[in-house]
Amino acid sequence: MKVGLIIPSTSNGRDWKTFDETYINIAFVGVCSYNYDIFNRLSSDNTIKLHVIGRNASEFIISNIKIHNVNIYSNLDAIEMIELLKTCDYMLTDAVIGNDHRIGKSMSGNIPLAYSTLTPLIIDKYNNSLYKFKNVVEFDYDSTDKIIINKSSISLKLLDIERQKLISMLPELLKKNKNIRTCKIPKKIFQTWEHNNIEPEFQQ
């Protein structure tokens, strides 16, 4: 299971976020094959506005979404993306076709982004059984039930406390893994003009 880094914000709680009282804003970041059934299961008392972010976001087929408003962002830089996420009520993960994230083969980038920006996560319950996050909204990937999402159902204060606990785990994880041997990169996989940019200790 891969672990993503969490970047502490300079503030916490609602003063970090900028909320829209009319819509419930849900972000999804990714470049994989979209599972439109997951998006269409999202349900709320508020009108849902989806923000689909990624290099290939333009391939998202808006006509496959039945009800929600959809905004597509395929050319955001990192700062612009963070500013957008600060306006979102939730971040959705596990809305792609494939099981790599759900079985722990890899971690969705939406997870560290959610905790870095104090954006409550919407996550498949099987995936969350690996991480055991507490302040999230769980859903069953294999079900057809609605995924009920409402404003302020997750406490940002408790989410921030959970985030700080996750950050505090990092030194111990680094200590446990300090003796892992650095992987060297075979020269033969590089073009000749790239060799000069590789430090000697990383060459074979």
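## Surface and model basis

Of the 204 residues, 42% count as buried, where buried means under 20% relative accessible area, exposed means over 50%, and partly exposed lies in between (1.4 Å probe, protein chains only).

The model is predicted, so to speak of local features requires pLDDT of at least 70 and side-chain atom pairs count only at pLDDT 80 or more, while totals for chains, interfaces and linings use all residues. Residues are numbered from 1 along each chain as its sequence is written, and side-chain values use heavy atoms, with hydrogens and water left out.

## Confidence

The predictor's confidence in each residue, pLDDT, runs from 0 to 100; its mean for the protein is 82, and 77% of the residues reach 70 or more. Over residues 1-8 pLDDT stays under 50, and the model has 21 contacts for them beyond four places in sequence, a contact being heavy atoms within 4.5 Å. Residues 10-14 also have pLDDT under 50 throughout, with 12 contacts beyond four places in sequence.

## Fold

The protein has six helices and eight strands, where helices (H or I, at least four residues) and strands (E, at least two) are DSSP runs numbered from the N terminus. Along the sequence these elements follow the pattern β-α-β-β-β-α-β-α-β-α-β-β-α-α. Among the contacts with a separation of 6 or more, 66% are between residues 24 or more positions apart.

Leaving aside neighbours within four places in sequence, L84 is in contact with H51, I53, Y73 and L76. The C-alpha atoms of L84 and I53 are separated by 9.8 Å, and these two residues are 31 residues apart along the chain.

## Cavity and pocket

On a 1 Å grid over the protein atoms alone, a cavity is a set of points where a 1.4 Å probe fits but cannot get out, whereas a pocket is an open set with protein on both sides within 12 Å along at least five of seven lines, and lining residues have an atom within 4 Å of a point. Grid points are joined across faces, edges and corners, and a volume is the space filled by probe spheres set on the points. The structure holds one cavity of 30 Å³ or more, and the largest cavity has a volume of about 30 Å³. Its lining consists of D94, V96, G98, N99, H101, R102 and Y141.

The second largest pocket has a volume of about 210 Å³ and is lined by 15 residues, of which V29, G30, V31, C32 and G109 lie nearest its centre.

Most residues other than glycine have a negative phi. D94, however, has a positive phi near 60°; this residue is found in the loop between β5 (90-92) and α3 (110-116) and is buried, with a relative accessible area of 4%. K132 likewise has a positive phi of about 60° although it is not a glycine. K132 is placed in the loop between α4 (125-131) and β7 (136-139), and at 62% relative accessibility K132 counts as exposed.
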